[in-house]
Each structure stands twice: as structure tokens, then as C-alpha cells.
Amino acid sequence: MSHPVIEVAAVTKRFGETLAVDAVGFAVPRGVTAALLGGNGAGKTTTLSMLLGLLLPTAGHIRIFGEDMLRHRYRVLPRMNFSSPYVDLPHRLTVRENLTVYGRLYGLAHLAARIESLTRDLQIAEFLDRQTGKLSAGQKTRVALAKALINEPELLLLDEPTASLDPDTGDWVRGYLETYQRRSGATILLASHNMNEVERLCSEVMMMRKGRIVDRGSPRELIDRYGRDTLEQVFLDIARAGERFDPREAAQ
Amino acid sequence: MSAAPDVLSSRAGFSPSRLGAMVLRYLYLLRSSWPRALELLYWPAIQMVLWGFTSQFLMTNSSYVSRAGGVLLAAVMLWDVMFRGQLGVSISFLEELWSRNLGHLFVSPLRPYEWVLSLLTMSLVRVMIGVVPAALLAIPLYHYSIFTLGLPLIAFFVLLLVMGWGLGLVIGALLLRHGLGAESLAWLAVFLLAPASAVYYPVSVLPVWLQYVAWTLPAAHVFEGMRAVMFEGRFPLDHFLAAAALDAVYLVVGTAIFLIAFRQARERGALLQMGE
């Protein structure tokens, strides 16, 4: 039996006295698009950072592709990638230069052809020789996506992939991710508080609140469980619940 | 949709390709901004001009300098090798903080030690861009060629460059720990060591307690060695060996401190947050 692509067991992260992530555990099977959904400070980005190995957990275990992420990170990193609006690509390098550097970091052969086809797919070929910092937010997002897809990752981690985009561009990016996922069979985990995005892209949602996963299921299951019409209403129920939040009570 | 890319090497240990990618990244950056390239040329040239005229004056007024014309110029240029060597490491490091790029770099297969090697490589490139034109400029302006030092020049160059690397890595560690708040250290730290490095005067000029400090610096041995070559026409092997041994310590300790700071940055989550 194959391992889930992501296995997280009792992962905790403390920053001094602050408990940012509290004994979180979940698994994401191959080929699934899943979401960590929660408000600001819920622990989504911290969890993603630990999955990427950028942040070391205080306790717990993370396995990606069956490998212990703390001990064998470099076996896994070539098979995954990441994008976030909060981590920039160097602004003064052109799009082509940025993609060349990252393509070489991933050890890609036929890099020029890869950049050409990827930028054509993402409709950024005309900006290839423009400095990345001089692009619009939508163009930058597509360039960041090109960087995230340069190695054709089997696992793609996305932190708020459509933050600050206008609805048209956001919709285009979501469509592209759907197509990529279908074609490549990749596993995608995204952190978001955009309900439309999560409902459209994800078959599995983990609701986070104050560093814990307080509920999980498909968007439809969550909506039905809470007796609501939309995932946004479920989100608000959870976000506005009191200190002693109990998902079973909230769902009744 | 495009086809899946071929991967040349993903699981090997050290990767020359990744090292090359990082060097390329910094060369792209250097190429993208002529003021940055000009800055590399500017200070060595200005220093050389300033001290060249000073030494011209002193040569007619000081028996010390008149015994070996060009000693101050040689000292200025060699000091710049160390300063540029340290700055070359620190500036390439700062480029990543300024561009908030560390998060992307370290979700790629780039190893921290490969990054360190790329910083050292770029330091060498920056030093060559800065110091070689200044050295060539001294020939028509002052009729002094530092290349007359011969083979010892190579030894002095390497010893000072490696000391600069060691310091640059420690400053990089401080930047990882304190963020851009520690940026000024990149520009100032090396000058703290200038008095004890005995760049323009013999170590014996220093107070006795400071002489003990001086002998822990590879630079003090190098500049003593430089004066021995220029004044006495001999290559002092004892100073060379002492500087080489100290350099090894500086480089190993600098690398260790940098890698420890890198791990601590991963514990604090600083790799994603660093930037302006």
C-alpha cells in the first residue's frame, strides 16, 4: 500500500510562550487537493512552513513521500515546490533569469525549452525579459507559479495562491491549478481563507483555529454538518466560536 | 500544458549545478545594476588615489616609506582585498534578505553549504572586479606595480581573502540572527580590526597588549610579511604559516557559526520572514 504523500503526526510549534501549532495531525493522499482553512493566526502558514522544512517543529513527525522530513529533507525537496505571495522572487532579475536560476537549482535538463513552454502555458512569455519587480500583481503571481511549477512538482504547497488578485486573474489561476492537477496527478495542499477557492479546488478541508485542526471533511460534508449553505458560513461559525469551541456542538 | 522536465541530478550530494545556479543568480544581479558594478570599482580606486598621493608626499619626507616605495599603496590594495572579500560575502547575503528570497531558495534542493560556497565564489569575483583595475591604475599614476611583489602577492591575496570570508560568514550569521537591523555591521565590522591588523605600520608600534591581539589576526601576519618582502627582500615563512593556520581557524569557525545560525533561523521561522 502506498503512503499518503503528506503524513503529519502530533506536530507542535512553540515560539517562546506562544503555541502556534498544537499537536496537529493529518494525511493527504496522492492526487488530492486539500486545504488548510482558517483565519489569520490560525497556524496555516506555520504548518506549511514546517512541511517545507523552512521551520523546525518543536515536536511531532512529518513524512513526505514516506520520508522523514527532518532527516531526509533533500530526498524530498526535488519532488515538491512552493509559492506564496509573501515570499518574493528577486525583483531586479528578469523573469527569464529568475526561472533560469531556479531551473538550475532543481537540476533541470533542457531548461530553455522548459521555460519557453511553461511561460507560454502561463501566458507570461511576453514578460520574459522584463524585470520581475516591474510586473503587475497578477503577472507576478503567474511568474511565481511558473517558478513553483518549474520542476513539475508531485507535491505543490501554496500559501494563499490568489491573495491580492482581481477576480478575473484569481479565477484564471484557479483554473490553471485545476488543469495542472488533472494532467499531472500532483498532490496540492493550499493554505487559504478564500472560501470560493477552497470549495472549487479542494476535496479535503482541514479547518484550523488557534493552532489546532478543529474539524475536517470535504466542503460539502462540512457545509452539511454545520447545517449551513456555504463554506464561508461554516468558517464564520468556527472563527467566532468561544474559547471552548467543540466542533460537535457547533455542528449540531 | 508542457511536458514534464528531465532532471539532471536531484539526489546527489554536492551539486556543481546548484552552486553554478547561485553564482549565476548573483552575476545577473550585478549585471542588472551599473551603480553596483561602479561601487565595486569606486572605493578601491578612490582609496588608491588618496593613499597614493599621501605616500608620494611621505616618500620625500619619510625615511620609512622612502626605503620601499609603494609600501603604503601595497598596504591599501591588500587591505582592500580583505575588506572586499568580507563585503563580497555580506552583500551577496544581504541581496537575499533585501529581495525576501530565502524562503524560495531553501525549499529548493539548495544545501546551505552550497549557498556558502556560492557566496565565497561571488566574493572572489567582486574582489577581482574591484582590486585588479585599481592595481593596474597605480602603474601609470604612481609608477608602482603591486605585481612586483611576485609570488608572495598570491599568498598575501589568498590569506587576506580567506580572512575576509571568515568574517563575512560571521556577519552573515549575525544578519540571520538579527535581520536587517544588523546590516551596518556588514560595512563597519572589518574596520574594527584595522588598527590591530597593522596595515600601515609595524605591529611593534602597537601597545604590548594590542600586539597580542594582532598576532591572532591573519592580516597582521600578512602585512608584516609584506613589509619583510618589500624592505628586506625575504619571504617570512613563519608569518605565512601562522596566517594560514589562523585562516583555517577563521574559516572553519565562521562556517560553523553561520550554519548554526542558519539552523536557529529555521527554528525561529526567520527564513520566511526576513526582509525589509
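Predicted model: local features only at pLDDT ≥ 70, side-chain atom pairs only at ≥ 80, totals over all residues.
User: OK, and what ipTM and pTM does the predictor give the complex?

Analyst: The predictor gives an ipTM of 0.86 and a pTM of 0.84.

User: What about chain B, what's its mean pLDDT?

Analyst: Chain B has a mean pLDDT of 84, and 84% of its residues reach 70 or more; pLDDT is the predictor's confidence in each residue, from 0 to 100. Among the elements of chain B, the lowest mean pLDDT, 64, belongs to helix H3(B), residues 63–66, and the highest, 94, to helix H12(B), residues 237–268.

User: Switching to chain A, how many helices and strands?

Analyst: Chain A has ten helices and ten strands, where helices (H or I, at least four residues) and strands (E, at least two) are DSSP runs numbered from the N terminus. Its radius of gyration is 18 Å, close to the 18 Å that the globule rule gives for 252 residues, so chain A is as compact as a globular protein of that length. That radius is taken over C-alpha atoms, and the globule rule is 2.2 Å times the number of residues to the power 0.38. Along its principal axes, the C-alpha trace of chain A spans about 55 × 40 × 40 Å.

User: How many residues of chain A are in contact with chain B?

Analyst: On chain A 39 residues are in contact with 37 residues of chain B, contact being defined by C-beta atoms, placed from the backbone, that lie within 7 Å.

User: Which element gives the largest share of chain A's side?

Analyst: H3(A) does, with six residues. The elements that give two or more residues to that side include helix H1(A) (44–52), H3(A) (95–105) and helix H6(A) (167–184). By class, the side of chain A that touches chain B has 19 nonpolar, ten polar and ten charged residues; Ala, Val, Leu, Ile, Met, Phe, Trp, Tyr, Cys and Pro count as nonpolar, Asp, Glu, Lys and Arg as charged, and the others, Gly among them, as polar.

User: H6(A) also packs against H5(A). At what angle do they cross?

Analyst: The axes of H5(A) (residues 137–149) and H6(A) come within 10 Å and cross at roughly 15°, with axes being lines fitted to C-alpha atoms, for helices over the stretch in contact, and angles running from 0 to 180 degrees between N-to-C directions. That makes H5(A) roughly parallel to H6(A), since angles under 35 degrees count as roughly parallel, over 145 as roughly antiparallel, 65 to 115 as roughly perpendicular and the rest as oblique.

User: Which residues make the contact?

Analyst: Gly138(A), Thr141(A), Leu145(A) and Leu149(A) of H5(A) meet Thr169(A), Val173(A) and Tyr180(A) of H6(A), a set of four nonpolar, three polar and no charged residues.

User: Back to chain B, how do H4(B) and H11(B) cross?

Analyst: The axes of H4(B) (residues 71–98) and H11(B) (residues 218–232) come within 11 Å and cross at roughly 150°, and the two helices are therefore roughly antiparallel to each other. Their contact residues divide into ten nonpolar, no polar and one charged.

Definitions and conventions. Residues numbered from 1 in each chain as written. Chains lettered and ligands numbered in written order. Contact = placed C-beta atoms within 7 Å.
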